[in-house]
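Q: Can you walk me through this model? I have the coordinates open.

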Amino acid sequence: MRGRSHEAPEEANVDLTPMLDVVFILLIFFIVTSTFAQEKAMGLEPPPPPAPPDQEQQQSVPAILIYVDESNMITVNGRNTDIGSVRANIERVRAETPESQVIIQAHPRAKSGVIVLIRDAAYNAGYQTGVNLVLSQDQ
């Protein structure tokens, strides 16, 4: 027992370089193979500029005014309605005056989902252009 010396065992070392290489290869693989979806923006035009006073009577284009208040109540040309009958109201007014445009006037606290549903209803009613969005000033 006298001749035996007691040495501490060596610590086990793990080389992390190969693991980092694998992580970088996986990262590059996922970046190269990923696909990016093109998001479609809301297609809304700003309202047309007001006509000069002398031409206003001659070139007056009727508009379908859809108002959304802060509690998401919808009014089409002064008539209260729900989201399900917005398209029918737009189609009715468009049948009377085909050159009319749609103006969506929304309160700043109105939900954007309701505004998008109204815009979609206008597109489904046949409008490809002439759908305008205006934020009301009353707070």
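A: Start at Thr81, which is found in strand S3 (residues 79-81); helices (H or I, at least four residues) and strands (E, at least two) are DSSP runs, numbered from the N terminus. This is a predicted model: local features need pLDDT of at least 70, side-chain atom pairs count only at pLDDT 80 or more, and totals for chains, interfaces and linings use all residues. Residues are numbered from 1 along each chain as its sequence is written, and side-chain values use heavy atoms, leaving out hydrogens and water.

Q: Is Thr81 buried or exposed?
A: Thr81 is buried, as its relative accessible area is 14%; buried means under 20%, exposed over 50%, partly exposed in between, with a 1.4 Å probe and protein chains only.

Q: And what does Thr81 touch?
A: Leaving aside residues up to four places away in sequence, Thr81 touches Ile74, Val76, Val86 and Asn89, where contact means heavy atoms within 4.5 Å.

Q: Switching to the largest nonpolar core, which residues touch the most other members?
A: Of its 20 residues, these are Ile64, Ile66, Ile74, Val86, Ile90, Val102 and Ile118. A nonpolar core is a set of buried Ala, Val, Leu, Ile, Met, Phe, Trp, Tyr and Cys residues joined through side-chain atoms within 4.5 Å.

Q: Which elements give two or more residues to this core?
A: Strands S1 (63-68), S2 (74-76) and S4 (101-106), plus helices H3 (86-96) and H4 (112-124). H4 gives the most, with 5 residues.

Q: What about Val102, what does it touch?
A: Beyond four places in sequence, Val102 touches Ile64, Ile66, Ile90, Ala122, Tyr127, Gly130, Val131 and Asn132.
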